[in-house]
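Please keep the sequence and the model in view while reading.

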Amino acid sequence: MYAGTLSFDLLLGDVRSLKEKRSVVRPIVAELQRKFAVSAAEVGDQDLHRRARIGLAVVSGETEHLTDVLDRCERLVAARPEVELLSVRRRLHGDDDE
């Protein structure tokens, strides 16, 4: 069994309130969950208007499948015109990890 996580640090465009921020972040999280069957949520910077941190996790029996899903998730977020992807942190965990 293998698990992978991604953490996205995002700069949001013309956002002036937390309500506007939610209207940008929620659709991204929902699309990740729907398209790739991953667990995803806003995990940081909740009190900042123009910054967001989204985390996701996926479990697979094969590293190739895990890497493919993480790559596709990263491409989806990077392609969103309403956000600028500042950084991505990727972690892979396997049965051999202690």
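The points below concern a predicted model and are grouped by topic.

In this predicted model, helix H1 covers residues 18-36, and its buried residues pack against S1, S2, S3, H2 and S4. The largest nonpolar core has 24 residues, and S1, H1, S3 and H2 each supply at least two residues of this core.

**Helix H1**

- The buried residues of H1 are Lys21, Val24, Val25, Ile28, Val29, Glu31, Leu32 and Phe36.
- These buried residues pack against strand S1 (2-12), strand S2 (39-44), S3, helix H2 (63-78) and strand S4 (83-94).
- Glu31 belongs to helix H1; its relative accessible area is 15%, under the 20% cut-off, and Glu31 is therefore classed as buried.
- Setting aside residues up to four places away in sequence, Glu31 touches Phe36, Leu76 and Arg80.
- Arg26 also lies in helix H1, but its relative accessibility is 58%, over the 50% cut-off, so Arg26 counts as exposed.
- Between Arg26 and Gly94 there are 68 residues of separation in sequence and 30 Å in space, C-alpha to C-alpha.

**Packing of H1 and H2**

- A pair of packed helices is described by the angle between the two axes and by the distance between them.
- For H1 and H2 the angle is about 150°, and the axes are 11 Å apart.
- The crossing of these two helices, H1 and H2, is right-handed.
- On the H1 side, Ile28, Glu31, Leu32, Lys35 and Phe36 take part; they meet Val69, Arg72, Cys73, Leu76 and Val77 of H2.

**Nonpolar core**

- Within the largest nonpolar core, of 24 residues, the members that touch the most other members are Leu10, Leu12, Leu32, Val38, Ile54, Leu56 and Cys73.
- Strands S1 and S3 and helices H1 and H2 each supply at least two residues of this core.

**Residues in the strands**

- Gly4 is found in strand S1; its relative accessibility is 0%, under the 20% cut-off, and Gly4 therefore counts as buried.
- Beyond its neighbours within four places in sequence, Gly4 is in contact with Leu56, Ala57, Val58, Leu66, Leu70, Arg91 and Leu92.
- Gly4 and Gly94 are 90 residues apart along the chain, and their C-alpha atoms are separated by 8.8 Å.
- Ser60 lies in strand S3, which comprises residues 51-60; with a relative accessible area of 9%, under 20%, Ser60 is therefore buried.
- The side chains of Ser60 and His65 are joined by a polar contact of 3.0 Å.
- Not counting residues up to four places away in sequence, Ser60 touches Met1, Tyr2, His65 and Leu66.
- Ser87 lies in strand S4; its relative accessibility of 35% falls between the 20% and 50% cut-offs, so Ser87 counts as partly exposed.
- The contacts of Ser87, not counting residues up to four places away in sequence, are with Ser7, Phe8 and Asp9.
- Ser87 and Asp9 are 78 residues apart along the chain, with their C-alpha atoms separated by 5.2 Å.

**Positive phi angles in loops**

- Ala37 lies in the loop between H1 and S2, just after H1.
- The phi of Ala37 is near 55°, a positive value in a residue other than glycine.
- Ala37 has a relative accessible area of 68%, over the 50% cut-off, and is therefore exposed.
- Asp45 is found in the loop between S2 and S3; its phi is positive, at about 60°, although Asp45 is not a glycine.
- Relative accessibility at Asp45 is 23%, between the 20% and 50% cut-offs, so Asp45 counts as partly exposed.

Conventions. Residues numbered from 1 in each chain as written. Predicted model: local features only at pLDDT ≥ 70, side-chain atom pairs only at ≥ 80, totals over all residues. Heavy atoms only, no water. Helix = DSSP H or I, 4+ residues; strand = E, 2+ residues; numbered from the N terminus. Buried < 20%, exposed > 50% of the residue type's maximum accessible area, 1.4 Å probe, protein only. Polar contact = N/O pair within 3.5 Å; in protein donor to acceptor, adjacent residues only side chain to side chain. Contact = heavy atoms within 4.5 Å. Expected span 1.5 Å × (residues − 1). Core = buried A, V, L, I, M, F, W, Y, C linked by side-chain atoms within 4.5 Å. Axes fitted to C-alpha atoms, helices over the stretch in contact; angles between N-to-C directions. Left-handed = near helix turned anticlockwise from the far one by under 90°.
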